[in-house]
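Below are some notes for a colleague who has not looked at this structure before. Please read them with the model open.

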Amino acid sequence: MNVNHVLLIFKSALEYADFKGINNLLADNCLYINVERNILKNGKIEVYDFLNSMAKRTRDDNLAVYAHMMTLSEGTNEKEFFYEGERGLAIAYNEMDNYAIGMFIELDSNNFINKIIVSNEIPSFRIDKHRAEYNSPPIDYIFYKKPVDFLDWLTAISIWLETGYVDKHSFYDSLADECCVHF
């Protein structure tokens, strides 16, 4: 799993205001940092609780959230937490293109989320389009192994939904005969 995979999972979690399963992605010493608001949450439990409280407020306020993958452009190197070429999420509320927040993820050496950095002042960026063009998905969004555990499946399904590309062999060959879908 890489940063792109985790960002796609966060994109889905933000848009659906549901962070179930995200706790399995967090490192024990995970940090949540909001740069401008000086919010700091420390540790897996505190970060997860904070994310869930954010999701609850979103649901309670019936707030539409739009998150799009982005890449930071030139001129961002002078910012403390950001660098040119960094991938993140541009987040908008109620209006699809009125981006209010940028979210960035750092992973530790075991591919768990070490830091979630949020900023209300997004440096210059470009929105990345990831829909697959007739069987040619973007290379860095392919889930490169057969899903075997919860995190693998969560990541693979998130990537398949975002890109519109489903690896039929990994997907269908791994389903149990009695598999069913619950909404």
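**Notes on strand E1 and its surroundings**

1. Strand E1 is joined to strand E6 (residues 113–119) by 5 bridges, and the two run parallel. Leucine 26 has isoleucine 113 as its bridge partner in E6. Please keep in mind that this is a predicted model.

2. E1 also pairs with strand E2 (residues 39–42), here in the antiparallel sense and over 4 bridges. Across from tyrosine 32 stands lysine 41 of E2. The hairpin of E1 and E2 has 4 residues between the strands, and asparagine 38 in this hairpin takes a positive phi near 55 degrees.

3. The count of aromatic pairs comes to 3. One of them is formed by tyrosine 32 and phenylalanine 50, with 4.7 Å from centre to centre and 55 degrees between the planes, and is tilted. Tyrosine 32 belongs to strand E1 (residues 26–34) and phenylalanine 50 to helix H2 (residues 44–60), so the pair ties together parts that are 18 residues apart in sequence.

4. Are the two members of this pair buried or exposed? Tyrosine 32 has a relative accessible area of 4% and is buried. Phenylalanine 50 has a relative accessibility of 14% and also counts as buried, because the cut-off for buried is under 20%.

5. A separate point concerns lysine 11, which is placed in helix H1 (residues 3–15). Lysine 11 counts as buried, at 9% relative accessibility. What does the side chain of lysine 11 reach? The side chain of lysine 11 comes to 2.9 Å from the backbone oxygen of alanine 67.

Technical notes. Residues are numbered from 1 along each chain as its sequence is written. This is a predicted model: local features need pLDDT of at least 70, side-chain atom pairs count only at pLDDT 80 or more; totals for chains, interfaces and linings use all residues. Side-chain values use heavy atoms; hydrogens and water are left out. Rings of Phe, Tyr and Trp (its six-membered ring) pair if their centres lie within 6.5 Å; planes under 30 degrees apart count as stacked, over 60 as edge-to-face and the rest as tilted. Buried means under 20% relative accessible area, exposed over 50%, partly exposed in between (1.4 Å probe, protein chains only). A polar contact is a pair of N or O atoms within 3.5 Å; within protein, one must be able to donate a hydrogen and the other to accept it, and residues adjacent in sequence count only if both atoms are side-chain atoms. Two strands pair if DSSP finds at least two bridges between them.
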